[in-house]
Amino acid sequence: MNRFLLPLGIFLLLVVVLAIGIKHSPDKGTIASPLLGKPAPQFALPSLADPSRQVRSQDLKGRWYLFNVWGTWCGECRAEHATLLQVSRAGVLPVIGLDWKDSDEEARAWLSQLGNPYQAVAVDRNGRTAIDWGVYGAPETFLVNPQGVVVYKHIGAVTLATWTHEILPRVTAPATGS
Amino acid sequence: MSRRGPACLRWGVTVALWLCGLVWAVDTTQLPDPALQARYEVLTHELRCMQCQNESLADSPVDLAADLRREVRDQLLAGKSDAQIRAWMAARYGDFILFRPRFSLRNAWLWGAPAVLLLVGVIVAWRVVRERTALLADDHEPLDEDGG
C-alpha cells in the first residue's frame with residue numbers, strides 16, 4: 001500500500017506546485033518591475049512645451065501622478081492617447097509625460113493634433129531617464145503616490161479598464177501606503 | 001559543373017560574405033584598455049536585451065540595447081566593478097536582465113532543490129541497498145542448511 005501512496009503523494013504535490021506556478025505566472029512578455037514599492041527615480045529634464053524650463057521629479061512630491069512614457073514613433077501610444085485624454089479630463093491626478101528618444105517638433109505636432117493630456121512633458125532625448133525607470137518599451141505607465149513611491153506599473157497601452165480597475169482604486173483607497 | 005566556376009568569383013563571394021559579417025556586426029565598441037574590453041564583452045553577453053528577451057545586449061540591434069551597452073561602457077570607464085554594474089542593471093530591470101541568475105531568498109528553494117533531491121535519492125538508494133543485502137543474507141542461510 002505504502003508503495004503506491006508515496007509516489008501518488010509526490011505526484012499530487014507536483015500537480016499542486018505546477019498549478020500554482022501556472023496560475024501566478026505573469027502574462028507572457030510582461031516583467032514585474034523591481035521599482036514597485038520603491039521611490040520613483042529622480043529626474044530633471046527640459047520641458048517639451050518650453051525647453052528653457054525643467055520638469056523635475058521633486059516638484060511632483062506630495063501628490064499622486066501618472067508617469068507615462070511615450071514617443072511619436074510608438075504605435076501603441078497613439079492607441080492609448082484617447083484614454084490618456086479621458087484620464088486627464090477626469091482631473092483625479094496629473095499625467096506627466098516622458099517623451100522618450102523623440103524629436104521635439106514631432107512631439108509638439110502630435111500633441112497639438114491629438115490633444116494634450118499631459119500637465120507636463122519631460123524630454124528624454126538620450127533615454128537615460130527611461131533606463132532609470134526600467135522602461136523597455138513604450139508605452140509604459142507608472143503610478144506614483146504622494147510619498148514619491150511607485151505603486152503600480154502598466155506595460156502597454158492604458159485602457160479605460162486599466163484606469164478603472166487598477167489605477168483609480170489605488171488612488172481613491174484611503175491611506176493604502178505602498 | 002560548379003567546379004568550372006572561376007576562382008575569382010569564388011573568392012569574391014567569400015570576401016563579400018566576410019564583409020557582411022563586419023558590416024552587420026551589432027556592436028563595434030572598442031574600449032581603450034584590453035582588460036576593460038574583455039570585461040565589457042563578458043558583461044554585454046551576460047545581460048539580456050529586455051526588448052528582444054532572448055538576445056544578449058551584445059547581439060541585439062535595437063536602440064535600447066545600444067543605450068544599455070553605452071551604459072556598461074561608461075560605467076566600466078568610470079571604474080565600476082562587474083558586480084556593481086550587474087546590480088545597477090538589476091535594480092532597474094529586475095533579475096530577469098541577468099542571464100546568470102543571482103542567489104536570493106526568493107529563489108533559494110530553486111537553488112537548493114537539486115541538493116535536496118540528491119539527498120532524497122541517496123536515502124532511498126541506501127535503504128534499497130540495505131533491504132536487498134538483508135534479503136541476500138536471509139537467502140543464504142536456508143540455502144546453506146538445505147545444501148549442507
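Strands β3 and β4 of chain A run parallel to each other and are joined by five bridges. In this pairing A:Val69 has A:Leu98 of β4(A) as its bridge partner. The model is a predicted one, with an ipTM of 0.79 and a pTM of 0.75.

On β6(A), residues 140–144, β3(A) has another partner: the two strands run antiparallel and are joined by five bridges.

How many residues of β3(A) are buried? Strand β3(A), residues 65–70, is mostly covered, with six of its six residues buried. In a regular strand, side chains alternate between the two faces of the sheet. In β3(A), one set that points the same way consists of A:Tyr65, A:Phe67 and A:Val69, while A:Leu66, A:Asn68 and A:Trp70 point the other way, and all are buried.

Why is A:Asn68 classed as buried? A residue counts as buried if 20 or more other C-beta atoms lie within 10 Å of its own, and A:Asn68 has 25 other C-beta atoms within 10 Å, so it is buried. Leaving aside neighbours within four places in sequence, the contacts of A:Asn68 are A:Leu84, A:Val95, A:Gly97, A:Leu98, A:Pro139 and A:Thr141. With A:Thr141, the separation is 73 residues in sequence but 4.4 Å in space, C-alpha to C-alpha.

A:Trp73 gives another setting. This residue lies in the loop between β3 and α2 (75–90) of chain A. A:Trp73 is partly exposed, because 13 other C-beta atoms lie within 10 Å, and a residue with 12 or fewer would count as exposed. A:Trp73 and A:Lys23 are 50 residues apart along the chain, and their C-alpha atoms are separated by 35 Å.

Chain A as a whole comes to five helices and seven strands. Read from the N terminus, its elements run α-β-β-β-α-β-α-β-α-β-β-α. The radius of gyration of chain A is 20 Å, well over the 16 Å that the globule rule gives for 178 residues, so chain A is more spread out than a compact globule. Its C-alpha trace spans about 80 × 35 × 30 Å along the principal axes. Of the 178 residues in chain A, 33% are buried. Taking the contacts in chain A between residues at least 6 apart in sequence, 74% join residues at least 24 apart.

Chain B has five helices and zero strands. From the N terminus on, its elements are α-α-α-α-α. Buried residues account for 15% of the 148 residues in chain B. Of the contacts in chain B with a separation of 6 or more, 46% are between residues 24 or more positions apart. The mean pLDDT of chain B is 84, and 86% of its residues reach 70 or more. Where pLDDT is low, the predicted coordinates should not be read in detail.

Finally, the two chains meet. The contact takes 11 residues from chain A and 13 residues from chain B. Which elements of chain B give two or more residues to the side that touches chain A? They are α3 (63–77) and α4 (82–93) of chain B. The most comes from α3(B), which gives five residues to that side. By class, the side of chain B that touches chain A is made up of seven nonpolar, two polar and four charged residues.

Conventions:
Residues are numbered from 1 along each chain as its sequence is written. Chains are lettered from A and ligands numbered from 1 in the order in which they are written. pLDDT is the predictor's confidence in each residue, from 0 to 100. Two residues are in contact if their C-beta atoms, placed from the backbone, lie within 7 Å. Helices (H or I, at least four residues) and strands (E, at least two) are DSSP runs, numbered from the N terminus. Ala, Val, Leu, Ile, Met, Phe, Trp, Tyr, Cys and Pro count as nonpolar, Asp, Glu, Lys and Arg as charged, and the others, Gly among them, as polar. The radius of gyration is taken over C-alpha atoms; the globule rule is 2.2 Å times the number of residues to the power 0.38. Two strands pair if DSSP finds at least two bridges between them.
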